[in-house]
Amino acid sequence: MRKHKRCYLRIVADILSILTSRKNVRKTHIMYGANLSYTLLNRYLNDILIANLISQNHEGYYKITNKGMTFLDIYESYVKKKEQVEEKIAEMKSKRGELQHLLSSQSP
């Protein structure tokens with residue numbers, strides 16, 4: 001069974017979520033928690049640091065910023081809305097299928 005690939009935003013949200021559970025987190029904890037290779041983790045951390053969603057202290061610990069918390073809130077809202085839209089699209093496809101079936105069926 002093949003796992004679904006995570007999008008960029010999902011991985012960022014995963015990293016930020018890990019940082020909400022503790023005040024200061026080391027890179028290895030993030031790497032294992034987000035299920036990322038060391039190389040990928042460094043790319044994501046660099047992007048997230050530049051965006052000021054997280055900060056790093058002089059001892060190498062990471063913590064989430066207020067901007068990072070805002071990102072998580074908006075991301076969660078986005079995911080909920082996206083799921084609602086996908087459900088509506090599925091419902092509309094079903095209705096279209098019913099209509100096509102009615103057109104193709106012989107009426108009495």
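Here is a short talk through the fold, the helices and a few loop residues.

Trainee: What kind of model is it, and what confidence cut-offs apply?
Mentor: It is a predicted model: local features need pLDDT of at least 70, side-chain atom pairs count only at pLDDT 80 or more, and totals for chains, interfaces and linings use all residues. Residues are numbered from 1 along each chain as its sequence is written, and side-chain values use heavy atoms, with hydrogens and water left out.

Trainee: How many helices and strands are in the protein chain?
Mentor: The protein chain has 4 helices and 2 strands. Their pattern along the sequence is α-α-α-β-β-α. Helices (H or I, at least four residues) and strands (E, at least two) are DSSP runs, numbered from the N terminus.

Trainee: What is the radius of gyration of the protein chain?
Mentor: It is 21 Å, whereas a compact globule of 108 residues would be near 13 Å. The radius is taken over C-alpha atoms, and the globule rule is 2.2 Å times the number of residues to the power 0.38. The C-alpha trace spans about 80 × 30 × 20 Å along its principal axes.

Trainee: What share of the residues is buried?
Mentor: Of the 108 residues, 24% count as buried. Buried means under 20% relative accessible area, exposed over 50%, partly exposed in between (1.4 Å probe, protein chains only).

Trainee: Tell me about α1. What does it pack against?
Mentor: Its buried residues pack against α2 (27–33), α3 (38–50), β1 (54–56), β2 (62–64) and α4 (66–104). Those buried residues are I11, V12, A13, D14, I15, L16, I18 and L19. Contact here means heavy atoms within 4.5 Å.

Trainee: Now α4. How far does it reach?
Mentor: α4 has 39 residues and reaches 57 Å from its first C-alpha to its last, close to the 57 Å expected.

Trainee: Which residues of α4 are buried?
Mentor: G68, L72 and Y75. The buried residues of α4 pack against α1 and β2.

Trainee: Switching to loops. Where is N35?
Mentor: N35 is in the loop between α2 and α3. Its phi is near 55°, a positive value in a residue other than glycine. Most residues other than glycine have a negative phi. N35 counts as exposed because its relative accessibility is 61%.

Trainee: And N52, what is its phi?
Mentor: N52 has a positive phi of about 60°, and it is not a glycine. N52 sits in the loop between α3 and β1. At 47% relative accessibility, N52 counts as partly exposed.

Trainee: Last one. Why does G60 count as buried?
Mentor: Because its relative accessibility is 18%. G60 lies in the loop between β1 and β2. G60 touches V25 and R26, not counting residues up to four places away in sequence. The C-alpha atoms of G60 and E86, 26 residues apart along the chain, are separated by 41 Å.

Notes: The expected span of a helix is 1.5 Å times one less than its number of residues.
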